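Open the model in your viewer and keep the selection tool at hand. This tour goes stop by stop.

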Amino acid sequence: MCGIVAYVGHQDAYPILIEGLKRLEYRGYDSAGVALLNAQDELNVYKAKGKVSDLEASVVGKDISGHIGIAHTRWATHGEPNQTNAHPHLSNSGNMALIHNGIIENYMSLRKELEKRGFTFKSDTDTEVLINLIEDVQQSEHVDLFEAVRIALNHVVGAYAIAIVEKGHPDEIIAARKGSPMVIGIGQNEYFIASDATPIVGRTQKVVYIEDEQVVRIKLGEELFIRTIHDVEAIPYVQELEMNLDSIEKAGFEHFMMKEIYEQPRIVRDTMRGRLHPDTNSVSLGGIVNYEKQLLYADNIVFVACGTSWHASLVGSYLIEFLAKIRVKVEYASEFRYRHPVITPHDVVIAVSQSGETADTLAAIKLAKEYGAVVLGICNVIGSSISRATDAGIYTHAGPEIGVASTKAFTSQVTVMFMLALRLAELKGTLTPEYRAELIQELDSIPEKIQWTLDHSAHVKDIAAKYKDVRNMLYMGRLQNYPVALEGALKLKEISYIHAEGYPAAEMKHGPIALIDKDMPVVFIATNRNTYEKVLSNIQEVKSRNGKIIAVVSEKDVTARGMADHVIEIPDCISIFSPLLATIPLQIFAYHIAVMRGCNVDQPRNLAKSVTVE
Ligand code: F6R
């Protein structure tokens, strides 16, 4: 949802900004731009439709000097993705330039007001309105830029992470945030500002996460100066950055998505590290230890999440109800926030999010708190807004996920769901010690089984080659594999643009079966032992209507493989664990189809990695 990066210091700003934009490109990639203040106090703004590489091509031969600058990669909200609407935007006087991630909801009324006061606008964006509002305040109140920003933001409804440079101030950037993320890196006589820590990695380890409604003066030779928009001073809290350069590079893979798929054995192990104890057959979740009682006696555990995180939550609901016998609901955060849900202080709401910045999930957290519920988080990004907005939580430790389509985030979230369900079952005494031990030993073996799945996945590419030109596809699974079917279909549609739907297999006869003919391939996840026979019947129903069948089966399977056109094996496991394995080949299948169709796998059209707007 747009990436912002800014720099002030002793180095040339342009290369730092461009590298930062490339690392942030997953957040939006329909246009990019940069503003640099050079030694002659000229503010040079360059913008291009398309990727950061298009911006680079467009500045060849131009003045890109300057030790201070701001840059932006855009995911359009207001105004089509073109050069005019790209950021940075200049104020009418041309004295200041602004980059913005977020949405100014009342921009139309502000624009009308500013037009009455003589301001003119070149673009359709809310951002150009904001920079002129700031200029208007500065001129009419005779205040410096910091103060003008603070006052102006009191008139703004919406979300923003902004950074501004001003002529005559070659050593100062003013930044602010509300609802959209912002982190500041503190180097030796230099500062880095970005939407997340990825542009800062490798440059400094010292960071400050800016809080909502804070305005910051970032001035060389001075400490960060922070006040809230309501004029209350805030003390910056400097933290160590927990991320390294290796974790944000491709490590020899052609795409981040494939790199992240192959990281899954390690990630799942990292997620369990220090939490799963196979020696004592127990689980400890330090992050939520003070809330175990509330979870145990909760009327309902309510997961709120979006997209892939919602699918992981659905797996979690099956596991917690089955193993720990606690009622669980799973809600789309976007629906939850508006549908007046019945939530009481006896409920525990768990927000699940990779990025920790999803606007709908943040709003759901706020609402749940208003109802008095305990709110926990399952989050990947340390220090993210959701991790800070929740009472406590469990980090997934998947490392930065750069590919826009979630892969390792899903498996790490599902791993957390297993540990949570097992811990609650342990506390509640719902499992015999023998069965709990069996489950814990199985979870401990999952990283090796994921590795086996990856090692035996070469033929998935051949299957993908056969189906790369289809227009539609169905995915069917039962119980814990129903969310896997949803996730498999989501992966295919988001990166290959093939229409795909996931269903609980038994629902097929209630409608989707009408779609089956020779042109409708169906992926069946046929691994659950207790519903195996039923899934076989569904496979038969598709076969007798000439549908093509791709079956994900267990290594030891005998029957389903005889019925399917193509078979993908996963290692044998206790049925409830199959989501952690069956998901892997479906990710790989979607990946190969997308590559063969010439799609941009890591940055699919119209998408962005973190959805910080409604
Ligand atoms: C799909 C995908 C999205 C996200 C969703 C929630 O591959 O990435 O569906 O899962 O936007 O994002 P987070 O988990 O960051 O809250």
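Here are the stops, each with something to select. Keep in mind that this is a predicted model.

**Stop 1: a helix under cover**

Select residues 145-153, helix α5. Eight of its nine residues are buried, so the helix is largely enclosed by the rest of the structure. Colour the buried ones: L145, F146, A148, V149, R150, I151, A152 and L153. What covers the buried residues of α5? The cover includes β6 (96-104), α4 (126-141) and β13 (225-228). Strands β7, β8 and β12 are also among the covering elements.

**Stop 2**

Now select β8, residues 172-178. Six of its seven residues are buried, so β8 too is largely enclosed by the rest of the structure. Look for I162, which stands opposite A176 in β8.

Next, follow the chain between β7 and β8. The two strands form a hairpin, with five residues between them. Click G168 in the turn: its phi is positive, about 85 degrees.

In β12, V216 is the bridge partner of A175.

**Stop 3: two rings**

The whole structure holds five aromatic pairs. Show W310 and Y332, a stacked pair. Their ring centres are 4.2 Å apart, with 5 degrees between the planes. W310 belongs to helix α9 (residues 307-324) and Y332 to strand β19 (residues 328-332). The pair links distant parts of the chain, 22 residues apart. Is W310 buried or exposed? W310 is buried, at a relative accessible area of 9%. Y332 is partly exposed, at 38%.

**Stop 4: an open sheet**

Select the five strands in the order β24-β23-β25-β26-β27. They make an open sheet with parallel pairing. Which strands are at the edges? They are β24 (499-504) and β27 (566-570), each pairing on one side only. From one strand to the next, the twist averages 20 degrees.

Zoom in on β23 (residues 472-477) and β25 (residues 521-526), joined by three bridges. M476 has F524 in β25 as its bridge partner.

Now show the helices. Helix α17 (residues 532-543) lies across β25 and β26 (548-554), at about 170 degrees to β25. Helix α19 (residues 578-596) packs on the sheet and touches β23, β25, β26 and β27. Its direction makes about 135 degrees with that of β27.

**Last stop: a charge over a ring**

Select R605 and Y497. R605 lies over the face of Y497, 3.8 Å from the ring centre.

Terms used:
Residues numbered from 1 in each chain as written. Predicted model: local features only at pLDDT ≥ 70, side-chain atom pairs only at ≥ 80, totals over all residues. Heavy atoms only, no water. Phe/Tyr/Trp six-rings, centres within 6.5 Å; stacked < 30°, edge-to-face > 60°. Helix = DSSP H or I, 4+ residues; strand = E, 2+ residues; numbered from the N terminus. Buried < 20%, exposed > 50% of the residue type's maximum accessible area, 1.4 Å probe, protein only. Lys NZ or Arg CZ within 6 Å of the ring centre and 35° of its normal. Pairing = 2+ DSSP bridges. Contact = heavy atoms within 4.5 Å. Axes fitted to C-alpha atoms, helices over the stretch in contact; angles between N-to-C directions.
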